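Let's take a walk through this structure together, one region at a time. Keep the view open as you read.

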Amino acid sequence: MRPTPTARPRALFAMGRRHRDAMFPPAEIQRLTAYVDIDPDHVAESLTDEPALADVEILITSWGCPVLDEEVLARAPALKAIVHAAGSVKHHVTQACWDRGLVVSSAAAANAVPVAEYTVAAILFANKRVLEIGGLYRDHRSPLDWSRHFPGFGNYRRTVGIVGASLVGRKVIELLRPYDLDILLADPYVSALRAMAMGVRRVELDELVEASDVVSLHAPELPETRHLMDARRLGLMRDGATLINTARGSLVDTDALTAEAVGGRIHAVIDVTEPEVLPATSPLYSLPNVLLTPHIAGSLGGELHRITSSALDEIERYCSGKPFAHAVRHAALATSA
């Protein structure tokens, strides 16, 4: 049952101070204080011996939030709701929160937008061979026969494989609709009928990997998805195909990918790696067929304000007695990011 909010709930920021400063400038603070009673200058980076917990009804969390375990909850008897101004809640929302009956909201849908935009740009550039052509043009500084160097390049009727119909995966599919691409989906939790309604064709993962010009990963980090793209599956990719990973570094066997990329058989656009920062000696930094970025696909800069707006919308709904628009369901966490 949804808890009934008090007339003016007490709220507390629980996140890294720098995230609070970046995401809640004065205009957003003004909107927030219209809904809740909060000290906008107080940010709880630790909840150990945090006196404000005693009467807090809403925790506003983000990156850097401490773990909300039984010990913390015991000091927060009035807590009813967690509004997470970021993506996954797995890092701080524990079983104790669900046992307590707390309602939880996440801005994962808002954070999915820039990740999907990055992915779509990567897909279109990959099929057009923009990075490789740009590198050759920089080196030669004269016209070359691009069609001879890259036969069949371009986006018309190329096949894109989406691995995982997550929030990001579904957003990528939506953003790709205007293009003349054939889209495959591999997701064990999506039926063929549901995939058809999304405008894609559901196939098994190995078939997707073998058939796609671009394979884009959007699966969650789970024990069963670790090294989903191992040496065998990377070996199934077409010669010249591109692997894109904006999900989690653990989905790809880094050593196996490095071996394939060094050989030049496949291309890669990698925003997340395992480890999070690769050793300085990794060939992936300098290979012409690899674009390696430092986990920038998600919300950064002005994109953070989309997350803030989503969180404030949820707080407004809560204070109006309405259910969250982006509620997190405990049961769904087992198969989500």
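Start with Pro 275, which sits in the loop between strand 10 (267–270) and strand 11 (290–292). What you are looking at is a predicted model, and its bond from Glu 274 to Pro 275 deserves a look: this peptide bond is cis, with omega at about 0 degrees.

Rolling a probe the size of a water molecule over the atoms shows where empty space is left.

Now turn to the helices. How are helix 2 and helix 13 oriented relative to each other? Helix 2 (residues 26–33) packs with helix 13 (residues 304–319) at an angle of about 10 degrees, and their axes are 10 Å apart. Angles under 35 degrees count as roughly parallel, so the two helices, helix 2 and helix 13, are roughly parallel to each other. On the helix 2 side, the contact is made by Glu 28, Arg 31 and Leu 32, while helix 13 brings Thr 308, Ser 309, Leu 312, Asp 313, Ile 315 and Glu 316. By class, that contact has three nonpolar, two polar and four charged residues.

Next comes His 19 in helix 1 (residues 17–23). Is His 19 buried or exposed? Its relative accessibility is 15%, so His 19 counts as buried. Beyond its neighbours within four places in sequence, His 19 is in contact with Ser 62 and Trp 63. Tyr 189, by contrast, is 170 residues from His 19 in sequence and 34 Å from it in space, C-alpha to C-alpha.

Finally, visit two loop residues with positive phi. Arg 141 lies in the loop between helix 6 (130–140) and helix 7 (146–149), and its phi is near 55 degrees, a positive value in a residue other than glycine. With a relative accessibility of 70%, Arg 141 counts as exposed. His 227 is in the loop between strand 8 (214–217) and helix 11 (231–236). His 227 is not a glycine, yet has a positive phi of about 55 degrees. At 24% relative accessibility, His 227 counts as partly exposed.

Note on methods
Residues are numbered from 1 along each chain as its sequence is written. This is a predicted model: local features need pLDDT of at least 70, side-chain atom pairs count only at pLDDT 80 or more; totals for chains, interfaces and linings use all residues. Side-chain values use heavy atoms; hydrogens and water are left out. Axes are lines fitted to C-alpha atoms, for helices over the stretch in contact, and angles run from 0 to 180 degrees between N-to-C directions. Helices (H or I, at least four residues) and strands (E, at least two) are DSSP runs, numbered from the N terminus. Angles under 35 degrees count as roughly parallel, over 145 as roughly antiparallel, 65 to 115 as roughly perpendicular and the rest as oblique. Contact means heavy atoms within 4.5 Å. Ala, Val, Leu, Ile, Met, Phe, Trp, Tyr, Cys and Pro count as nonpolar, Asp, Glu, Lys and Arg as charged, and the others, Gly among them, as polar. Buried means under 20% relative accessible area, exposed over 50%, partly exposed in between (1.4 Å probe, protein chains only).
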